[in-house]
Amino acid sequence: MGGFRHHYQSAFRIYNNVAWSDYSLDYGAFKKKLLDFRHKRGKIKAYLLSSPNGLIPESSLSAIVGPRLLSQPFNKQSQQQQQQQSSGDDNNYIPFVDEASASSSHSMEGVPSEIIGSSINVGYGMKPEKHYKKRSAMRRVSNYERREVTAFLNNEMDKVSMFYMNIWQQLSQQLEESGPTLHIANEILELLAHCTLNIIALRQSLIRYDAFVRTYGGTPLLVWFMKQMKKYSNNSVKKIVFHKELNALYDTFSQDCTFQLDDFHSQWDMLNDIELETEKKETLASLGQYEFRDSVIHTLRYYFLLGAIEDRMLTLEPTFLTQRGTSLTAEMQRLSDWRHKPKSTSSATGAGAAQAA
């Protein structure tokens with residue numbers, strides 16, 4: 001059976017000693033980020049509980065979360081400036097994330113006790129250090145998490161997009177030089193599978209993050225992220241989701257092909273259908289629809305088990321009490337099954353069979 005990550009890893013291709021997983025979204029690293037966020041929230045809430053006035057100073061919050069990321073508010077100003085500078089030139093890459101880049105994990109370990117336990121001394125001409133109540137502190141933490149997840153996913157999809165364009169250029173050149181062949185037909189399907197694989201992983205990551213903030217509080221990311229993807233004319237996420245270059249290559253191959261390929265078109269349609277199914281589930285997830293499992297967890301957390309002691313038990317509660325959102329495991333399993341099934345495009349029939357070989 002196996003879960004989403006198992007099927008994701010099983011669906012990767014290894015060809016000519018090149019593991020295509022190296023050029024795919026690192027879902028394992030994303031899950032580690034969510035766990036890190038959970039631990040940081042636990043440290044902040046523990047600090048607030050031990051604080052005499054129920055406040056946490058800026059220095060302590062920065063020591064836990066990271067000073068650079070906390071100092072940069074979550075806004076769209078930099079995006080608008082970049083869009084104005086690059087307007088009219090579709091060849092310029094337009095990132096749709098905040099300029100703040102993801103940083104390494106920060107913790108209270110190694111931070112001097114005088115910084116953790118007290119405010120920074122206020123000297124002449126210096127403003128007093130800000131102190132935050134629980135709600136304000138967690139709002140800032142949520143903004144930090146959104147920036148880090150967005151930057152991480154953007155960087156991962158940049159990696160996927162560059163690999164996709166490299167393979168597409170190679171196939172385009174081969175098609176122009178040699179015409180349609182069995183090899184090119186199989187490689188077109190493999191590249192589409194690679195796009196579909198990473199689209200599913202991206203959507204599952206966004207769904208998982210939204211479920212995380214529904215559990216622990218915060219601002220969802222899925223709807224905003226996908227709107228930004230569609231807003232700009234040229235970005236790595238949009239290139240993989242719509243893969244217009246590959247669609248054009250498929251059309252050219254189909255028009256020029258003089259022989260019959262077994263199931264080539266049906267496999268192309270099947271891979272696109274898998275992607276379409278995940279898009280439908282993404283839409284339902286963006287509307288806040290609860291899965292049955294998440295409904296049960298919601299009830300357990302807020303009405304029976306943790307309603308009154310959530311703040312004290314955040315770092316101790318089991319991970320299965322975290323909501324997970326809509327699962328795309330079934331779609332990923334279909335892709336994994338396709339990977340391990342013999343491809344019927346390995347045979348050709350008709351007058352052009354000899355040429356195709």
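F253 counts as buried, with a relative accessibility of 1%; here buried means under 20% relative accessible area, exposed over 50% and partly exposed in between, using a 1.4 Å probe on protein chains only. The views come from a predicted model, in which local features need pLDDT of at least 70 and side-chain atom pairs count only at pLDDT 80 or more, while totals for chains, interfaces and linings use all residues. Residues are numbered from 1 along each chain as its sequence is written, and side-chain values use heavy atoms, leaving out hydrogens and water.

**View 1. Y209 and F212 form a ring pair within helix α8.** A pair of aromatic rings is described by the distance of the centres and the angle of the planes. Rings of Phe, Tyr and Trp (its six-membered ring) pair if their centres lie within 6.5 Å; planes under 30 degrees apart are called stacked, over 60 edge-to-face, and the rest tilted. That rule gives a count of 14 aromatic pairs. The pair in this view is stacked because the rings of Y209 and F212 have centres 6.3 Å apart and planes at 25°. Both residues belong to α8 (residues 182–216), where three residues, about one turn of the helix, separate them; helices (H or I, at least four residues) and strands (E, at least two) are DSSP runs, numbered from the N terminus. An α-helix has 3.6 residues a turn, so residues three or four places apart point the same way. Y209 is buried at a relative accessible area of 0%, and F212 is buried at 2%.

**View 2. F253 and F264 make a tilted pair, with 5.3 Å between centres and 50° between planes.** F264 is buried, with a relative accessible area of 1%.

**View 3. F4, Y8, F12, Y27 and F30 are joined into a cluster by ring pairs.** Which residues have the most contacts inside the largest nonpolar core? They are Y8, I44, I56, I188, Y209, F225 and F253, in a core of 78 residues. To this core α8 gives the most, with 20 residues. A nonpolar core is a set of buried Ala, Val, Leu, Ile, Met, Phe, Trp, Tyr and Cys residues joined through side-chain atoms within 4.5 Å. In soluble globular proteins, nonpolar side chains tend to be buried together.

View 4. A salt bridge is a side-chain nitrogen of Lys or Arg within 4 Å of a carboxyl oxygen of Asp or Glu, and the structure holds 13 of them. R13, E187, E190 and R339 are linked in a network of such bridges.

**View 5. K33 and E148 form a salt bridge, with 2.8 Å between the closest N and O atoms.** K33 is in helix α2 (residues 27–50) and E148 in helix α7 (residues 134–178), so the bridge ties together parts that are 115 residues apart in sequence. Both K33 and E148 are buried.

**View 6. Helix α8 is followed by G217, which has a positive phi near 95°.** Why is α8 described as largely enclosed by the rest of the structure? Because 32 of its 35 residues are buried. R41, in helix α2, is buried at 1% relative accessible area, and its side chain reaches the backbone oxygen of G217 at 2.8 Å.

Definitions and conventions:
Polar contact = N/O pair within 3.5 Å; in protein donor to acceptor, adjacent residues only side chain to side chain.
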